[in-house]
Amino acid sequence: MTACPVLLSHDGLPVGPHDFLRAWSFDPAVIVLLALSAGLYLRGVLALWESAGPGHGIRHWEAAAFTGGWTTLLLALVSPLHRLGGVLFSAHMAQHELLMAAAAPLFVLGRPLVPFVWALPINWRRTVGDWAAVAPVRGTWELLTLPLVAWALHGLAIWLWHAPPLFEATLRSDLVHTLQHMSFLGTGLLFWWTLLRGRGGGIGRPAAVLYLFTTSLHTTVLGALLTFSSRAWYPLYAPATAAWGLTPLEDQQLAGLVMWIPANLSYLIAALAIASAWLKEPAPRVALG
């Protein structure tokens, strides 16, 4: 079996401990998109704050959340973790969880669409507004952000991409690998946007807790299946794990634990925060007649 390009470092060998810190990825498309998103957000925030005053339109903590999401994306897609994901399944899993459970909610909290629009010339803003109001565009967005639809799409992406044929295809093809990352981040953004923003600022808090709990539940099941399986699901990783002191099965078990425990903390923390806010809400007054 020949190793796929994703598994190779700059010297034609699998990325190992000896060159890990030098294994940065500089995919032009990723770099351009990261630079463009940061530039648009900064330009839009400065325009907003110049017009309405610092902290208005986009609050300081929202700008900090976007910065955290952007930095997480940089860590997942540019840092040596990206190259290591072609060698260790556990690193690949960590990369995916950074996209879905860290970068996605931070981006949603950062409200990037507002600064992105403000970064545009005034006549372009009107064009974007007119385009967003077109019935097919508005209808598609409303469908995708229905809580049940966003929840189902996110769950489907997680389970389908961990099917061995599809997952190993990402190790053979850069295009399939990119599609996998786009689906994880895209469905993650939809899922978290529906919970935290949605129509009128997000769905009801009890429903949000339910969707977070069920997402945590099914990812726990997948993590447990990976952890306790007696066979390695992805044989393509087998030639490269020994350099890192792991057998393929140990690497898979570690990946399962990454999905099972630290990644689920994101859902648990969000659920607890939403539940806490829900419990602090004043009870509705009942008319006595």
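**Exercise 1.** In this predicted model, work out how helix 11 and helix 13 are oriented relative to each other, and describe the contact between them.

*Solution.* The result to be reached is that helix 11 and helix 13 are roughly antiparallel to each other, and the steps below show where this comes from.

Step 1. Take the angle: helix 11, which covers residues 205-228, packs against helix 13, residues 248-260, at about 165°, and their axes are 7 Å apart.

Step 2. Compare this with the cut-off: angles over 145 degrees count as roughly antiparallel, and therefore the pair is given that description.

**Exercise 2.** Describe the largest pocket of the model by its volume, its lining residues and the helices that supply them.

*Solution.* 

Step 1. Begin with the volume, which is about 2,000 Å³ for the largest pocket.

Step 2. Turn to the lining, which is made up of 46 residues, with Leu33, Phe116, Leu185, Gly186 and Leu189 lying nearest the centre of the pocket.

Step 3. Sort the lining by class, which gives 31 nonpolar, eight polar and seven charged residues.

Step 4. Trace the lining back to the helices: among those that each supply at least two residues are helix 1 (28-52), helix 4 (89-109) and helix 10 (174-196), and helix 10 gives the most, with ten residues.

Key: Residues are numbered from 1 along each chain as its sequence is written. This is a predicted model: local features need pLDDT of at least 70, side-chain atom pairs count only at pLDDT 80 or more; totals for chains, interfaces and linings use all residues. Side-chain values use heavy atoms; hydrogens and water are left out. On a 1 Å grid over the protein atoms alone, a cavity is a set of points where a 1.4 Å probe fits but cannot get out, and a pocket is an open set with protein on both sides within 12 Å along at least five of seven lines; lining residues have an atom within 4 Å of a point. Grid points are joined across faces, edges and corners, and a volume is the space filled by probe spheres set on the points. Helices (H or I, at least four residues) and strands (E, at least two) are DSSP runs, numbered from the N terminus. Ala, Val, Leu, Ile, Met, Phe, Trp, Tyr, Cys and Pro count as nonpolar, Asp, Glu, Lys and Arg as charged, and the others, Gly among them, as polar. Axes are lines fitted to C-alpha atoms, for helices over the stretch in contact, and angles run from 0 to 180 degrees between N-to-C directions. Angles under 35 degrees count as roughly parallel, over 145 as roughly antiparallel, 65 to 115 as roughly perpendicular and the rest as oblique. Contact means heavy atoms within 4.5 Å.
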